[in-house]
Amino acid sequence: MRKSEKEFTEQNLFNIKKLFYDKLAMNEPPTLTSSDTSFYPPVLYPSDPSAQTKKSMNRGRKYRKAIYIPVTAALSLCLVTGAAASVGIIDLPSILHFLGADRIGILQPVHQVSEDQGIRMEVIGAVRDGDTTEIYVSLSDLTGQLIDETLDVYDYRVTGGNANNAQIIHYDEANKTAIVRFLIQGKVSKNRITVQINTLMSGTSRQDGYNVQVDWEKLLQEKQINSYDILDRDRISGWGGETDIQMETDPIPVLHQDVTNVPVSGIDWMHISNIGFVEGKLHIQINPDNEIGEYNHGYFYFTDEQGQKLDIPEYSVSYGHYMKDGVGYGGDYEEFVYDLSAVDDLDKLRLQGSFTSISEVVQGKWKTTFNLSQNALSKTGNVQLDENGDSQANVTLSAVGVTLTGEALSKIPVEDLSIEVHLKDGTKLSGASGFLQLDQDLIKWISPTTIPVNDVSYLLLNGEKVIVQDR
């Protein structure tokens, strides 16, 4: 969601506030003017207009020891106060900086609060456009130490739908408050919606070029004699990359565990627990720290003597388990496997790493439930996204954006998509970004402005004209 390009005047703000009071059947005095500010709740904090989007992490959710913070700070941040708080009025000045007035116009105010571990979650507002639910949530750090602009909502649940996405769209550094937009795609059978967050992460930093000191001469000498284990499939907790191994039937070789303890300079949350060749392929096994190491991640790569990164086939497998406080946990080890058969001079390779480190992990239970009726106004059509006709997609237009569904959509990179929404008056809305791959056969485009559905003449998707009609 981009920052609105329009400059909001005091009169604009007054008019939009009046819209929300009217939506909640609050009868304002007929003589009220935009200068009568005493009627409205005071603005507690301004927002710094910045925005950051992050992909939600789709890896498996695993639970280990996290950092718990006692609630010692006084409740000092609030999005609504006074009369507005009692009925769920959105504090418009705090969100107009990153959300346009037209989008606010279709949001239903919610004002449901949950507080735990020194962090206050508030559902500000939400809208359902048929199969998509869009929810805006503020997360305020009452301790001033847990949330920054790298915040990642790591583990969350929203009722309804079969695909979801969580993005930070605004961060207020002065007040340590992040605004997160949840997108939930799929039919919701009931108007009752529950948002629950279990794990938050912050303090993220990423760095490439970590040098890994290994004895290549020794590794090459032992290339043909290294022993290994065959991994039991019930110990596998994750898989990545490309390999010719058939997961269901082929044996999966891995190194013996904890044979070495090779540190990676600058990374303190894991070490190389074994390294060697198995059946001609180089295996690098790491053993992350049992606490913070679960959430950090990265990979190794190779460069030549000039520092140029080499394209070498690789895959990774996560496995292992251990017991802690009577509870079993999985995915303790990760093994990276590299096919170096096409490399002529192995002794000239340089092993490096790219790692993302997270300093704060907070587990708690932030949960709210609210009613959300459906905005059913939509139009449908269909489009062919490639010349061969392999990528047929159904198109649904709503006030929030455009939904594409089809069996071959996973083959189309979202960065290659573009859209124009042409209105009957000759104007158009366009976007070369804003596309999200929510599932294998599901792509959503979120419009930067609310779409007047009944005023749309047609769409252009990658230059292909799409006629949309009532359902």
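What follows is a working chat about a predicted model of one protein chain.

Biologist: What does the secondary structure of the protein chain come to?

Modeller: Five helices and 27 strands. Keep in mind that this is a predicted model.

Biologist: How much of the chain counts as buried?

Modeller: Of its 471 residues, 48% count as buried. The accessible surface comes to about 22,800 Å². Carbon and sulfur atoms hold 45% of that surface.

Biologist: And the contacts, what share joins residues at least 24 apart?

Modeller: 69%, taken among contacts between residues at least 6 apart in sequence.

Biologist: Let's go to the largest nonpolar core. Which residues have the most contacts inside it?

Modeller: Leu404, Leu459 and Leu461, in a core of 38 residues. Strand E24, residues 442-446, gives the most to this core, with four residues.

Biologist: What does Leu461 touch, leaving out residues up to four places away in sequence?

Modeller: Val383, Leu385, Val395, Leu404, Ser418, Ile419, Phe435 and Val466.

Biologist: How many bridges join E18 to E27?

Modeller: Two, and those strands run antiparallel as well. E27 covers residues 469-470. There, Asp470 is the bridge partner of Lys379.

Biologist: New topic. What is the strand order in the open sheet of four strands?

Modeller: E22-E21-E25-E26, with antiparallel pairing. The edge strands are E22 (428-431) and E26 (464-466), and each pairs on one side only. Neighbouring strands of this sheet are turned by 20 degrees against each other on average, direction ignored.

Biologist: How many bridges are there between E21 and E25?

Modeller: Five. E21 spans residues 419-423 and E25 spans residues 456-461. Leu423 stands opposite Val456 in E25.

Biologist: Aromatics next. How many aromatic pairs does the count come to?

Modeller: Twelve. One of them, Trp239 with Tyr315, is stacked, at 5.3 Å centre to centre and 15 degrees between the planes. Trp239 sits in strand E9 and Tyr315 in strand E15, 76 residues apart.

Biologist: Is Tyr315 buried or exposed?

Modeller: Buried, at 4% relative accessibility. Trp239 counts as partly exposed, at 30%.

Biologist: Why is the Phe302 and Tyr338 pair edge-to-face?

Modeller: Because their planes stand at 85 degrees, with the ring centres 5.2 Å apart. Over 60 degrees counts as edge-to-face. Phe302 is in strand E14 and Tyr338 in strand E16, 36 residues apart. Phe302 is buried, with a relative accessible area of 1%. Tyr338 is buried too, at 2%.

Biologist: Which residues form one aromatic cluster?

Modeller: Tyr210, Trp269, Phe300, Phe336 and Phe355.

Biologist: Last topic, backbone angles. What is the phi of Lys176?

Modeller: Positive, about 50 degrees, although Lys176 is not a glycine. Lys176 is found in the loop between strand E5 (163-172) and strand E6 (177-185). Lys176 counts as partly exposed, at 21% relative accessibility.

Biologist: And where is Glu279?

Modeller: In the loop between strand E12 (267-278) and strand E13 (281-288). Glu279 has a positive phi of about 50 degrees and is not a glycine either.

Biologist: Why does Glu279 count as exposed?

Modeller: Because its relative accessibility is 62%, and exposed means over 50%.

Key. Residues numbered from 1 in each chain as written. Predicted model: local features only at pLDDT ≥ 70, side-chain atom pairs only at ≥ 80, totals over all residues. Heavy atoms only, no water. Pairing = 2+ DSSP bridges. Core = buried A, V, L, I, M, F, W, Y, C linked by side-chain atoms within 4.5 Å. Buried < 20%, exposed > 50% of the residue type's maximum accessible area, 1.4 Å probe, protein only. Contact = heavy atoms within 4.5 Å. Areas by Shrake-Rupley, 256 points an atom, 1.4 Å probe, with all protein chains shown as cover. Axes fitted to C-alpha atoms, helices over the stretch in contact; angles between N-to-C directions. Phe/Tyr/Trp six-rings, centres within 6.5 Å; stacked < 30°, edge-to-face > 60°.
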